Amino acid sequence: MSDVIVAPHTRDLDRLAEKLRGWVSARMPAARDLGIVDLAYPRGAGQSHETVLFDIVWTEDGVARRQGCVVRIRPASFTVFPDTLFEEQYRVMQVLGEGGLVKVAKVLWFEEDPALLGQPFFVMEKKQGRVPVSIPHYSQTGFLAEATPAQRRRLWEGAVRQLAAIQRVPLDSVSFLAGPAHAPRGLAQEWDKYERFVAWLRREDPASGARFGPVLEAGLARLKAAWPAHQPEGLVWGDARIGNMMFDERFDVVAVMDWEQPSLGGALHDLAWFSELSESMHGRRANPAVGRYLEGMGTREETVALWEEVSGKSAAGLDWYEDFARLKMSCTGVRLGQLRGGNFPMDETALARRLKLA
């Protein structure tokens, strides 16, 4: 596991423990001698929300008990996305967990009042496992880099099966994710989100917006001109990647994490995002000199075939959605560059190439 803390900002964890102890005690009236211990920020992941790990210890009916937890705090100033969707991510996880539809951490409590921690927050159970983190790169160091090809194969297959299971979630169970009246669901909802994202980038930082805005707008225009005929309905996870999954010692999926940008946008967005990041994180683009996948990890073609088999949906026209995914990732990259004082991952020329404009 990485030693790098990448949280957007940190706070005094001893003081946080004091605040959480009273709040949790009110929700666990049967608990005695309750304490909040072992607070820590996750390492190598968690750039968009402040996320803190901790344990609750208490006595109940004379028996000592312990529960691992995670508190996730709504961002205040370090806002990566124009749509926060903070309560929505809690509700999505609640639906998925209670229905046994997708492997997620059990959500415990939601607090909408910002008085205690400065922003609304929620608490969920802490799962035990390992995460293929991005910092440092999981294909170069860590448990996945050190795994056998058979172990990697098991991890890849479980990850794709969970990705596909998201497309079996009944949309009426997550109807609260509907978008605005002019774009309530389907591709229209995702498209509306990213048209607004590009405009938001211009407003948030006019200087960088003037640099990157025209390129992003040209990317949108190119995609609009090639509008896909195949638009299967489905739930969007939002950041579909192996790095947002936790795995146990057997390389099986323990939890699918980071539901901060869900929508009813359609079935192919997550598959496209997953495919794009797989290529750059452990696929052919991860090491151009070698030009092949990390041994044991499935290829794009294998991923698509397994996803279609498990989801029961067609991935026809996936190329367009992969192009759209690159534009989405570019919006996020520009925004992170704005938040980091101008440290952008690429210049305008490279961005244009990425969006197939040059």
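Which residues of H6 are buried? The structure examined here is a predicted model, in which local features need pLDDT of at least 70 and side-chain atom pairs count only at pLDDT 80 or more, while totals for chains, interfaces and linings use all residues. Residues are numbered from 1 along each chain as its sequence is written, and side-chain values use heavy atoms, with hydrogens and water left out.

In H6, the buried residues are Ser208, Gly209, Phe212, Gly213, Val215, Leu216, Gly219, Leu220 and Leu223, where buried means under 20% relative accessible area, exposed over 50%, and partly exposed in between, with a 1.4 Å probe and protein chains only. Helices (H or I, at least four residues) and strands (E, at least two) are DSSP runs, numbered from the N terminus. The buried residues of H6 pack against helix H5 (186-204), helix H9 (318-339) and helix H10 (348-354), contact being defined as heavy atoms within 4.5 Å. Helix H6 covers residues 206-225, and its 20 residues should span 28 Å at 1.5 Å a residue, which agrees with the 27 Å that separates its end C-alpha atoms; the expected span is 1.5 Å times one less than the number of residues.

Leaving aside neighbours within four places in sequence, Asp192 is in contact with Pro180, His182 and Ala183.

The largest nonpolar core has 82 residues, and those with the most contacts inside it are Leu235, Trp259 and Trp307; such a core is a set of buried Ala, Val, Leu, Ile, Met, Phe, Trp, Tyr and Cys residues joined through side-chain atoms within 4.5 Å. H9 gives the most to this core, with 10 residues. A second, separate core of 23 residues includes Ile36, Leu39, Val52 and Leu117.

Among the strands, E2 (residues 50-60) and E3 (residues 63-73) run antiparallel and are joined by 11 bridges, two strands being paired if DSSP finds at least two bridges between them. Val57 has Arg66 in E3 as its bridge partner, and in the hairpin of E2 and E3, which has 2 residues between the strands, Asp61 takes a positive phi near 55°. E3 pairs in the antiparallel sense with strand E5 (residues 121-125) as well, over 5 bridges, and here Ile73 stands opposite Phe121.

A search of the whole structure finds 20 aromatic pairs, in which rings of Phe, Tyr and Trp (its six-membered ring) have centres within 6.5 Å, with planes under 30 degrees apart counted as stacked, over 60 as edge-to-face and the rest as tilted. One of them is the edge-to-face pair of Trp23 and Trp109, at 5.9 Å centre to centre and 85° between the planes. This pair links distant parts of the chain, 86 residues apart, with Trp23 in helix H1 (residues 13-27) and Trp109 in strand E4 (residues 107-111). Trp23 is buried at a relative accessible area of 8%, and Trp109 counts as buried at 18%. The ring centres of Phe197 and Trp200 are 5.7 Å apart and their planes lie at 65°, so this pair is also edge-to-face. Both residues lie in helix H5, 3 residues apart, about one turn of the helix.
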